[in-house]
Amino acid sequence: MSGEVSAEIRTSHILDLAADGKRLDGRGPDEYRKITVEPGFVVTADGSALVRIGDTAVLAGIKLEPGKPFADTPNAGVLTTNAELIPLSNPTFEPGPPQPGAIEVSRVVDRAIRAAETIDLTRLCVTPGEKSWVCYTDIHVLDHSGNLIDAALLAAVSALAHATMPAKRFGIAEADYPLEVQHVPIECTFVRLGDSIVVDPTFDEERAAQGRITIATDETGRVVAMQKGLIGAFSPDDVKDVVRRAFVHGDRLRGLATGGAR
Amino acid sequence: MGSVGAKEVPVLLSADGRRIDGRRLDELRPIRIQAGALHQADGSAFVEWGANKVMAAVYGPREVHPRHLQQNNKAVIQCRYNMAAFSVDERKRPGLDRRSQEISKVIGEAFESVVFAEEFPRTSIDVYIEVLQANAGTRCAGVVAASVALADAGIPMVDLLPSVAVGKIGGAIALDLKKEEDNFGEADLPMALVPQSGRLVLLQMEGHMTEAELAQALDLGVKGCRSIHETMKQALRDRYAVAPLAGGSA
């Protein structure tokens, strides 16, 4: 198909530009595309946020329901993260069971939320060993134009930060109350293009990339999760460099995620 | 439809003929259509209709997957109607259930009735409908969104496909039911109209109606579709209209 030929040409163009420290859309190596966060996009969800990073659009929705705690954590609620890379969002996705790419996004986002202790799970316990809240985070990718992981986590934490516990509806409390978020993880993804390591890759940059690395940080200065993906390699010095950059971006993105939240 | 439970049936129609949201029986909920809402798709549209939010994308004509579905004399139209887990009050398990599969099938067949599929043999035209927020009439909102998305993708068609549901509430025939009316009403009849021919390419019905009521419902639905058709055309004009050059400056 001609699509693949043009992708080849674009890949070599992206790498040529990277050698001069340039990018196809004119950004610098450490520059994100424009980010917007729209909390409360879906009223049927207990919390939601539509996040756009450039042409990428990801919608996250939270649903909270009473359920049973796991036997090994009788005093804790249950957290579930699921990402759907629906075929609507990109020409390369096909209907069917979740592809490895979707599972990776789910798991990398879930890991950051869990490791950062975004939610104090003991506060989701209703009756130890019997009843606890189950918090479902469903991530719906609408427009995949690159860097799904950062957009997905940003949407997820923004949705959580703006979520309401439907306690009245389920007869657990007299009134609904806000879901408490104690830490806010942010993921920053970088790709290697030749000797350059750039943040917030577009879809074409991901296709041209010689390795991808995601760093999750929280507001207390902890690195809470990492993921290296795609074919390629990073030196320990590369990793130290992107961690430093991830902390700088993290502070700004965190403000976007929690903006307007209680 | 007719959910059975301890919940009390609300008064759906007041004495002066107003519905719970103040609408008259022949009034639509507000509709906003944005043609070209996505970047990766060949065509797309976002529809906000009452409290429904529905996104549609079209890809193609492109290679057929899976291959064995390929037709030598025309394009196949593959439609996928899906609801986001958080689009309804009680979380829906992700993925296509039987309801979604049935809806996907009848919507796909509705579009096969209007698309010039024989222009693109051995290809697939993929229509994806994602319900992000549901409040009754999502399949109709999906047809409207997908139809505008098909036009946005430049797929040749006989006509756009406006769609609406007619129902029966408090014994009266009403246009475009919202959730409470759908849950507690007596009937629901979604349809999609080919405006040029005046024929229906999607028609389903559930509930109770007399022959006279059914005739009235069909007429009301066609009227509603014709109004929605105007909104759909305007959405496409808004996307593709070129501003006239002012005072000769480029």
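These questions and answers walk through a predicted model of a complex.

Me: What ipTM does the predictor give the complex?
Reply: The model is predicted, so its scores come first. The pTM is 0.90. The ipTM is 0.86.

Me: Which residues of chain B have a pLDDT below 50?
Reply: Chain B has a mean pLDDT of 94. In chain B, 96% of the residues reach 70 or more. One stretch has a pLDDT below 50, and beyond near neighbours in sequence it has five contacts in the model. That stretch is residues 1-6.

Me: Which strand gives the most to the side of chain B that touches chain A?
Reply: The contact takes 26 residues from chain B and 28 residues from chain A. On chain B, β3 (52-62), β4 (76-83) and β5 (124-133) each supply at least two residues. The one that gives the most, with five residues, is β5(B).

Me: How many nonpolar residues does the side of chain B that touches chain A have?
Reply: Sort that side by class. Six residues are polar and six are charged. The nonpolar residues number 14.

Me: Which residue in β12(A) is the bridge partner of Ile213(A)?
Reply: Strand β11(A) covers residues 212-217. Six bridges join β11(A) to β12(A), and the two run antiparallel. For Ile213(A), the partner in β12(A) is Lys228(A).

Me: What covers the buried residues of α2(A)?
Reply: The buried residues of α2(A) include Val105(A), Val109(A) and Ile113(A). An α-helix has 3.6 residues a turn, so residues three or four places apart point the same way. The cover for the buried residues of α2(A) includes, in chain A, β4 (78-84), β6 (131-143), α3 (148-161), β9, β11 and β12.

Me: Is Arg23(A) buried or exposed?
Reply: Arg23(A) sits in the loop between α1 (2-19) and β1 (35-39) of chain A. Leaving aside neighbours within four places in sequence, Arg23(A) contacts Leu17(A) and Val198(A). Inside 10 Å, Arg23(A) has 20 C-beta neighbours, so Arg23(A) counts as buried.

Me: How many of the seven residues of β2(A) are buried?
Reply: Look at both faces of β2(A). On one side, Gly47(A), Ala49(A), Val51(A) and Ile53(A) are buried. On the other, Ser48(A), Leu50(A) and Arg52(A) are buried. The count for β2(A) is seven of seven.

Me: Which residue in β3(A) is the bridge partner of Leu50(A)?
Reply: Five bridges join β1(A) to β2(A), and Glu38(A) stands opposite Leu50(A). Seven bridges join β2(A) to β3(A), which run antiparallel. In β3(A), the partner of Leu50(A) is Leu59(A).

Key:
Residues are numbered from 1 along each chain as its sequence is written. Chains are lettered from A and ligands numbered from 1 in the order in which they are written. This is a predicted model: local features need pLDDT of at least 70, side-chain atom pairs count only at pLDDT 80 or more; totals for chains, interfaces and linings use all residues. pLDDT is the predictor's confidence in each residue, from 0 to 100. Two residues are in contact if their C-beta atoms, placed from the backbone, lie within 7 Å. Helices (H or I, at least four residues) and strands (E, at least two) are DSSP runs, numbered from the N terminus. Ala, Val, Leu, Ile, Met, Phe, Trp, Tyr, Cys and Pro count as nonpolar, Asp, Glu, Lys and Arg as charged, and the others, Gly among them, as polar. Two strands pair if DSSP finds at least two bridges between them. A residue is buried if 20 or more other C-beta atoms lie within 10 Å of its own, exposed if 12 or fewer, and partly exposed in between; C-beta atoms are placed from the backbone.
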